[in-house]
Amino acid sequence: MVVAALVLPDPLAADYTAVLASPSLNHPLGTDQLGRDVAARLLAGARLTLGLTMATLLVTSVTGTVAGMTAAMIGGPLGRFVPRIADLLAALPTILVGLIAAAVLGPGLPSILAAVCAVGWTPFARQAYHLTVAEKAREYVIAARSLGAGPFHVIFREITPNISGPLFAHLLLRFAGTLLTVSGLSFLGLGVQPPDPEWGAMVAEGRNHLFDAPHLVLAPALAVVLTATLATVTGRRLVSSRRPAHSAVP
């Protein structure tokens, strides 16, 4: 009996005999307006919400880091072009970009990816640019160049190990904002479409029953808040405990 109770039902299966049921042994987080198990939908929604967040973070962090480091290594007016473009795009609200993307591509996953990736690479590019510029002026990089090290050796063996720590910490700090953006776009109906479960979309679906079935909103909202808080705390601890990783001269 206990094992059976722990097995969650299909998150898309409707049960009209258990509409808006309160949390119980059979439904640990209750059911929604169609009788679907909220706990099952919350776990299934984690795959979409966290998967989208991590996918967009991967794309934006890699794109922004490569762009920022490349611009810093090039230097001069051409190198400063990338951070200036990043500053310009960073001023655009992601929600506005999401509305434009939804108008062009239609609501759905492509709209979320396009909106977040179009703006999300900019903070990584600016940070990578400034970190690389600072590392280029340090003694170990100057010494490596004086001994004949090429640009690829300087980038991958000298600079990257020393800026990877703050870049990773920044990625964790950006996780919370990206998660809120992804969930917010779905809440507005621009992202994941029903009946697929997603935390922001679940909050939107349950807001009409906020007073008679508050678990519909509280469960996904708490999942977003707790996940974002955990990522932020972890990122701040990494920042505070970071140690410089000076590279040896080849």
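Trainee: Leaving aside its neighbours within four places in sequence, which residues is S183 in contact with?

Mentor: S183 is in contact with T49, E198, G200 and V224. Contact here means heavy atoms within 4.5 Å. This is a predicted model, in which local features need pLDDT of at least 70 and side-chain atom pairs count only at pLDDT 80 or more, while totals for chains, interfaces and linings use all residues. Residues are numbered from 1 along each chain as its sequence is written, and side-chain values use heavy atoms, with hydrogens and water left out.

Trainee: Why does S183 count as buried?

Mentor: Buried means under 20% relative accessible area, exposed means over 50%, and partly exposed lies in between, with a 1.4 Å probe and protein chains only. S183 has 7% relative accessibility, so it counts as buried. S183 is found in helix α7; helices are DSSP runs of H or I with at least four residues, numbered from the N terminus.

Trainee: What makes α2 and α8 oblique to each other?

Mentor: Two packed helices are described by the angle between their axes and the distance between the axes. The axes of α2 (residues 38-74) and α8 (residues 199-206) cross at roughly 135° and come within 8 Å. Axes are lines fitted to C-alpha atoms over the stretch in contact, and angles run from 0 to 180 degrees between N-to-C directions. Under 35 degrees is roughly parallel, over 145 roughly antiparallel, 65 to 115 roughly perpendicular, and the rest oblique. The pair is therefore oblique.

Trainee: Which residues make that contact?

Mentor: From α2 they are V38, R41, L42, G45, A46, T49 and L50, and from α8 they are W199, M202 and E205. These divide into six nonpolar, two polar and two charged. Ala, Val, Leu, Ile, Met, Phe, Trp, Tyr, Cys and Pro count as nonpolar, Asp, Glu, Lys and Arg as charged, and the others, Gly among them, as polar.

Trainee: Which residues touch the most other members of the largest nonpolar core?

Mentor: Of its 17 residues, they are V38, L42, F175, L179, W199 and M202. Such a core is a set of buried Ala, Val, Leu, Ile, Met, Phe, Trp, Tyr and Cys residues joined through side-chain atoms within 4.5 Å. Helices α2, α7 (151-187), α8 and α9 (215-241) each supply at least two residues of this core. The largest share, six residues, comes from α9.

Trainee: How do you know that D32 forms a salt bridge with R36?

Mentor: A salt bridge is a side-chain nitrogen of Lys or Arg within 4 Å of a carboxyl oxygen of Asp or Glu. The closest N and O atoms of D32 and R36 are 2.7 Å apart. For E205 and R36 the value is 3.6 Å, also a salt bridge. E205 lies in α8 and R36 in the loop between α1 (2-6) and α2, so this pair ties together parts that are 169 residues apart in sequence. D32, R36, R41 and E205 are linked in a network of salt bridges. By this rule the count comes to six salt bridges.

Trainee: Is R36 buried or exposed?

Mentor: R36 has a relative accessible area of 5%, so it is buried.

Trainee: What joins R126 and D87?

Mentor: Their side chains meet in a salt bridge, with 3.3 Å from N to O. R126 is partly exposed because its relative accessibility is 30%, and D87 is partly exposed at 42%.
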